[in-house]
Amino acid sequence: MKISEFTVRRPVLTLMVTLIVVILGGVAFLRLPVDLMPDINYPMITVRTEYENTGPEIIEQLITRPIEQALSAVPGVEDVISTSQEGVSQVRLAFTWGTDLTEATNDVRDRLERVIGRLPDEADRPRIFKFDYSAFPIMFLGVSGSVDPLYLRRLIDDQLSYRLERIPGVASVEVWGGDEREIQVNVFPEALKALELPISQVADRVAAGNVERPVGTMYKDSQQISMRTAGAYAAADDIKRVVVAQRDGKPVLVEQIALVEDTVRRHTRIARINGQPGLRMAVSKQSGENTVSVARGVREEIERINRDFPQISLVILVDTSTYINQSIGNVGTSALYGGVIALVILVVFLRNLPSSIVIAVTIPISIIATFALMYFNKFTLNMMSLG
């Protein structure tokens with residue numbers, strides 16, 4: 001029995017099956033995550049090593065070249081691209097498509113263990129990063145306000161960034177710009193030379209005085225009391241009274257050989273919002289999360305933050321979900337126009353209105369059924385899937 005004959009003889013069954021397909025597809029369409037492009041994992045691994053206060057030439061000679069030689073023989077590597085700049089070495093490995101990055105990362109880690117002993121002791125341990133398209137920020141926010149710049153940065157770090165990070169799907173919030181508090185110890189070279197005092201000793205003594213650590217447990221009757229040293233600096237004056245050496249039986253204090261200032265960190269990034277000094281925040285989503293839904297949650301939280309903190313203004317500078325919605329909307333509109341044109345052409349060529357209506361009903365039902373298949377296979381509604 002042909003399918004057409006079966007459906008004609010059983011109209012009720014055909015109608016029920018069609019309604020089931022339409023309902024499943026409609027519910028799936030409402031729940032389909034929307035994104036610009038499908039989730040693509042590029043086969044690339046980056047090894048980053050930091051060695052502060054070191055020039056690019058030394059970075060290349062002591063760090064980049066040994067790592068390149070060790071990692072170039074990793075199975076599946078197609079290209080090795082390295083960058084040496086002041087204080088940082090980056091070695092990027094491009095693998096062939098289809099390579100298991102988990103296994104490749106283990107191979108990279110094993111080969112790094114062989115070369116770590118040849119790296120400078122002062123260099124940080126190499127870190128391994130997988131290339132993840134979803135790690136790029138989905139939103140950029142601007143913060144400004146008529147408050148003290150130090151208070152604004154502290155408010156962002158202590159409260160607002162954590163409120164944004166609690167939003168479902170948000171991976172991290174990075175803050176740029178603003179004033180950050182910094183205690184500077186500016187040493188007098190003449191004083192060090194006169195006292196024959198090395199600057200490394202001054203740095204070690206100042207660092208050793210800013211330590212809080214447990215020292216044991218004290219028992220009193222049935223009570224157990226944990227003891228610790230209260231050595232953390234509470235103010236800049238505490239640093240001034242640190243003893244760094246002894247000369248002729250007298251202590252040498254920090255304030256005698258240096259100027260201690262409670263100031264702000266030197267600006268390496270400047271952010272301006274509407275021409276006024278401010279801060280910039282970058283919001284990144286978790287891997288596999290939907291960009292549009294995460295951005296919607298961030299916008300709702302921004303409205304609540306602006307109500308709770310009227311002294312500041314939190315605005316959206318860049319929102320990638322807006323472009324995604326516009327792109328998906330344009331593709332959907334184009335598909336609708338294409339369906340209408342196809343129906344008109346069918347009527348013109350078939351010259352049979354009932355047959356054209358049957359085809360016109362069948363096409364959207366087929367598309368709706370496809371939405372259900374996309375949902376159960378965990379696809380996203382993106383430019384590729386709509387195409």
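Which elements cover the buried residues of α10?

1. A word on the model first. This is a predicted model, in which local features need pLDDT of at least 70 and side-chain atom pairs count only at pLDDT 80 or more, while totals for chains, interfaces and linings use all residues. Residues are numbered from 1 along each chain as its sequence is written, and side-chain values use heavy atoms, with hydrogens and water left out.

2. The chain holds 13 helices and 15 strands (DSSP runs numbered from the N terminus: H or I of at least four residues for helices, E of at least two for strands).

3. On overall shape, the C-alpha trace spans about 110 × 60 × 55 Å along its principal axes. The radius of gyration is 32 Å, whereas a compact globule of 387 residues would have one near 21 Å (taken over C-alpha atoms; the globule rule is 2.2 Å times the number of residues to the power 0.38).

4. Of the 387 residues, 29% count as buried, meaning under 20% relative accessible area with a 1.4 Å probe, protein chains only.

5. Now to α10, residues 291–308: this helix has 18 residues and reaches 26 Å from its first C-alpha to its last, close to the 26 Å expected at 1.5 Å a residue (1.5 Å times one less than its number of residues). Its buried residues are T291, V292, V294, A295, G297, V298, E301, I302 and I305.

6. Back to the opening question: the cover over those buried residues includes the strands β5 (139–145), β6 (170–177), β14 (276–285) and β15 (312–319), along with the helices α5 (149–165) and α11 (320–350).

Key:
Buried means under 20% relative accessible area, exposed over 50%, partly exposed in between (1.4 Å probe, protein chains only). Contact means heavy atoms within 4.5 Å.
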